[in-house]
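Hi,

Here's the model I promised to send over. Have a look first, then my notes follow below.

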Amino acid sequence: MASIEFRSVTKRFGDTLAVDDMSFRIEDGEFFCFFGPPLAGKSTILRMILGLERPDSGEILFDGRPVTEVGPAARNVAMVFQNLALFPHLSAEGNIRFPLLERKVEAGSIARRVAEVAEKLHIGHILHKLPAHLSGGERQRVAIARALVRDPVAYLMDDPISALDARLREEMRVELKRIQSELGRTLVYVTHDQEEAMSIADRMAILEAGAIRQIGSPTDAYDRPASDYVARLLGAPPMNLLQGSAVDGEFRLADGAIALPLSGVPEGTVTVGIRPENLSLAPPASGAGATVFEVEPLGGFTVVTLSAGEDRVRALLRGQPKVETDSRVALAVNPAAVHFFAADGRALSAASV
Amino acid sequence: MTSIRLDHLTKKFGSFAALKTMDMEIRDGEFMALLGPSGCGKSTTMNIIAGMEGPSTGRVLFGDRDMSGVPMPKRGVGFVFQNYAIFTHMNVRQNLAYGLKVRGTPQPEINRRVTTIAEFLQLTQFLDQPSAKLSVNILQRLAIGRSAIVEPAIFLLDEPLSNVDAAFRAVMRTELKHLQRQFKQTMVYVTHDQLEAMTMADRIAVMDHGVLQQVGTPLEVYNNPANVFVARFIGSPGMNLVPATLVERDGQLRADLGAAGISAPLAPELAAAARTAGAGEVWYGFRPEELSVASGDAGLAAGVTFVERIGSRTVVHFDIAGEPAKGVFENDVALQEGSAARLAPGPDAVRLFDRQSGNAIGGSTHGLH
Amino acid sequence: MTAVPMTDTAAPARTEAQEEKRLGLFLTLPAQLLVLFIAVFPLLMQLYISLTDWSPLEGIPWWQAYELWNDFYNYIDLAEDPRWWGALWRTALVMAVCVPAEFLLGLGLAILFVDNFRGRRVFYSILLMPMMVVPAVAGYMFFMLFQSGGPLNDILSTLSGQNVAIAWLSSPDLAMFAVMVADIWQWTPLMFLILLAGLVGVPEDQLKAATLLGANWWQRFTTIMLPRMKTIIIIALAIRAIENFKIFDTLYIMTGGGPGVATETISVYIYKLTTNDLTWGYVAAIALVILISLSVVLGIAIARMGRSRATQP
């Protein structure tokens with residue numbers, strides 16, 4: 001088991017700055033998620049942990065010991081690749097036992113280990129099959145089993161379930177979380193799916209252009225985003241970010257459809273963030289309001305898109321409320337659930353209301 | 001604009017029946033989603049509509065016109081492929097112009113229409129760029145524009161969002177829906193993602209194993225699934241289904257869920273339908289979103305196996321009488337992993353399905369058969 | 001649980017990557033030297049010999065050829081040698097007829113074979129057979145076929161009802177024709193094979209998309225298939241052009257370059273110079289001229305291909 005630490009790590013590819021002076025520490029036994037859009041540096045970080053890339057500067061430490069100059073084989077980290085990289089000519093069992101053969105584990109213990117992980121991942125019945133005869137979900141499990149069968153210091157997974165369909169992804173991520181907590185082993189996970197990241201991570205790092213914008217528990221990042229960038233990335237539908245201004249003792253947003261008491265708005269606020277689930281609709285009072293632009297019923301929830309002046313505002317309502325397109329509504333917001341951002345995107349702490 | 005009628009369609013590949021009797025009407029100007037897991041026959045249905053494959057038996061009608069024997073280029077069908085099938089050796093303009101060019105449309109007319117459609121789809125600035133390196137949302141618009149320029153009566157889209165990043169899919173969904181509203185064309189959209197179908201379609205046709213399971217508006221299939229397959233497939237998470245036996249208690253019909261206890265009385269309408277059907281062994285179904293935590297001895301006994309907070313809501317995984325079930329709650333829900341809980345599905349939220357056939361008992365007037 | 005298996009001292013490991021690189025260089029050095037030797041040594045030797053009048057009959061070893069130094073006279077002779085220019089012209093003629101013919105036939109067959117049909121595998125095997133025949137054997141086959149009393153004339157006699165005795169291989173024009181037929185017979189399959197691979201590689205979705213947009217077969221062929229096969233077509237033509245330029249074995253067995261010099265190509269001419277005239281200095285000069293011209297032509301072709309690939313990923 002190991003903690004994984006980056007100290008001021010920088011990595012360039014030609015003119016591209018892939019990882020920019022990055023420092024973090026992943027604790028022993030943690031399920032840690034790197035989340036961000038494509039090219040944010042997620043895969044480069046993984047490759048540096050694996051030892052496939054060398055940082056240009058900075059240090060990488062496992063359990064406090066520097067490993068920057070240690071080759072991938074000696075680092076003993078198990079990896080599940082996005083494309084799974086199963087050997088097509090080997091059966092599921094052959095694939096799973098492969099890392100053990102290479103490491104000269106004795107035969108009896110190989111069989112035992114393979115049986116153990118196979119049971120853990122519910123793939124005992126397909127061990128004899130070739131990858132070509134397995135479904136996407138089964139292949140996924142075999143690839144994960146191949147990583148689990150080893151006894152590494154940490155597991156790395158690069159978007160391992162993105163190829164599965166939505167229903168299977170929901171199941172697999174819960175299963176992964178369960179297996180990881182049973183093993184109690186450090187797991188570093190890369191994904192571009194915010195729902196997945198929030199669902200499985202103990203802690204997560206939100207990346208942008210090779211830098212960490214926020215690091216913390218998913219709940220923390222969701223409830224207290226450090227910047228409008230983080231706020232926008234987490235949540236579906238994403239947070240409404242509205243420009244506002246102080247008028248007549250109120251802070252007005254969305255063409256006046258939303259008004260906040262000025263006393264609760266911190267100095268320097270330019271953008272106000274409101275999560276769709278914290279907005280509610282009411283019959284229009286006189287004066288300002290919004291027009292219903294679109295209603296998307298999801299069954300258990302309904303997404304209502306409103307237009308107010310130039311702004312589009314989304315509200316996530318529970319159940320299946322009757323909302324007519326093009327009707328006028330008033331917007332109500334829970335003032336305690338409002339986020340404030342300065343001109344540079346930095347979050348401002350709300351003054352008590 | 002045209003309606004589409006599928007009349008007793010079947011399709012066999014060797015001994016494998018990809019499609020077992022498909023009857024469906026897609027209305028003029030409608031956005032219809034063909035939804036189902038892979039291998040359910042949705043793509044086969046679409047290929048038959050496009051004329052890429054012939055049905056083994058049955059007919060396809062556009063309006064009143066029987067399309068049997070009408071070859072694919074003559075059907076007037078716009079097709080957007082899963083990978084968009086952009087001609088990457090041509091630039092954007094050449095891609096857009098392709099359909100007009102092969103029909104021998106005069107060049108000034110081609111120029112005029114390319115300009116118009118490029119403006120409409122906001123592709124003007126990309127017109128002279130090679131199409132190989134465009135981003136996926138531009139490719140999608142280009143694929144739609146290339147089909148739309150020849151003014152097809154019908155648009156068929158084959159899982160166009162399946163190769164798109166999760167984060168971007170929501171944006172693309174919205175864009176696609178607005179395009180359809182603007183074009184006002186009959187659109188058939190194939191997908192395995194129930195969320196895409198729910199958010200975009202006017203109506204959804206749910207398919208499984210080559211059989212049409214249910215056709216209805218998104219809320220119809222969500223609220224009144226015709227059978228257990230639809231109940232599980234629609235919704236995120238899908239409907240919880242626990243095996244139960246119907247029993248009379250104090251003159252009221254209830255469901256006995258074994259170790260989980262006995263349910264609250266069934267709603268009168270559902271109870272009446274169940275009595276009429278003479279139902280005994282059933283699936284007791286309820287939506288994860290319509291579950292509340294009961295106090296004391298009320299409700300059903302359950303164990304909490306996993307708690308998953310996903311931003312705005314918390315999904316709690318339960319074990320109810322040995323069956324997995326889920327509940328969607330607000331984030332302040334006081335349930336801990338490993339603890340016991342009492343659960344009460346909303347009284348109007350309960351659905352029953354016959355354990356033998358899997359079909360809904362009562363309620364659903366929108367089911368097919 | 002395994003401990004992190006690594007030394008605490010990072011210093012010795014520092015140069016691991018550099019060391020690996022050095023080791024790699026060391027291990028491949030013999031192979032690299034060998035390649036250098038194989039490629040460069042004969043070239044230098046040829047250049048050296050080509051500047052002399054050396055011949056094995058002179059009775060001095062080749063490295064003493066400097067005693068017979070003749071400056072650039074071999075090259076000047078070459079420029080004024082009518083037999084060389086004739087051979088070059090005939091080689092070019094064979095190439096100009098055979099390569100396009102093989103290309104068109106190969107492409108036509110490839111188009112037929114893209115779609116599956118009954119017996120496709122059998123026909124496929126039969127089609128590829130000529131390629132497997134040893135060229136010398138093919139030469140012998142066609143030599144027999146084109147005899148005045150051979151099967152071809154027999155067939156023509158039967159068909160026309162009169163006695164046909166065409167002297168295929170001893171009339172200058174017909175001999176050239178016969179040689180071309182043999183080359184096309186033997187090498188169309190290769191063209192077919194390469195072009196079929198190219199055709200199969202054209203994305204099916206794009207062809208379907210074009211069909212749905214109303215394109216007929218010919219339009220699909222010219223606007224989708226051909227542009228997408230450009231690279232492979234260039235490769236196929238280049239391979240066959242280079243091979244065809246060297247045409248020798250089949251031809252030599254059929255006609256020996258005759259009648260007279262009617263079918264004498266560059267390879268046949270060189271062969272005769274080498275075995276009959278033994279003017280090896282002259283041969284070396286020819287070889288160098290051919291090598292350099294071929295490299296220039298090929299270089300241009302590859303450069304153009306690179307350009308077209310850049311615009312068509």
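Let me start with a helix pair in chain C: the axes of α4 (residues 120-132) and α7 (residues 172-200) come within 7 Å and cross at roughly 120°. (Axes are lines fitted to C-alpha atoms, for helices over the stretch in contact, and angles run from 0 to 180 degrees between N-to-C directions. Helices are DSSP runs of H or I with at least four residues, strands are runs of E with at least two, and both are numbered from the N terminus.) α4(C) and α7(C) are therefore oblique to each other, which is the class left over once angles under 35 degrees are taken as roughly parallel, over 145 as roughly antiparallel and 65 to 115 as roughly perpendicular. α4(C) passes α7(C) in a left-handed crossing, meaning that the near helix is turned anticlockwise from the far one by less than a right angle; clockwise would be right-handed. On the α4(C) side the contact uses Leu127(C), Leu128(C), Pro130(C) and Met131(C), and α7(C) brings residues including Trp185(C) and Phe192(C). Contact here means C-beta atoms, placed from the backbone, within 7 Å.

A word on provenance: this is a predicted model, where local features need pLDDT of at least 70 and side-chain atom pairs count only at pLDDT 80 or more, while totals for chains, interfaces and linings use all residues. Residues are numbered from 1 along each chain as its sequence is written, with chains lettered from A and ligands numbered from 1 in the order in which they are written.

Also in chain C, the axes of α3 (residues 82-114) and α9 (residues 217-245) come within 9 Å and cross at roughly 145°. This time α3(C) passes α9(C) in a right-handed crossing. Among the residues that meet are Met95(C) and Phe103(C) in α3(C), and Leu237(C) and Phe245(C) in α9(C).

Over in chain B there's an open sheet of four strands, ordered β12-β11-β13-β19, with antiparallel pairing (two strands pair if DSSP finds at least two bridges between them). Its edge strands are β12 (252-256) and β19 (351-354) of chain B. Four bridges join β13(B) (residues 281-286) to β19(B), and Trp283(B) has Phe353(B) as its bridge partner in β19(B). Helix α9 (residues 268-277) of chain B lies across β11, β12 and β19 of chain B, at about 80° to β12(B).

Finally, the contact between chains B and A takes 25 residues from chain B and 28 residues from chain A. β15(B) gives the most to chain B's side, with four residues.

Cheers

Note on methods: Contact = placed C-beta atoms within 7 Å.
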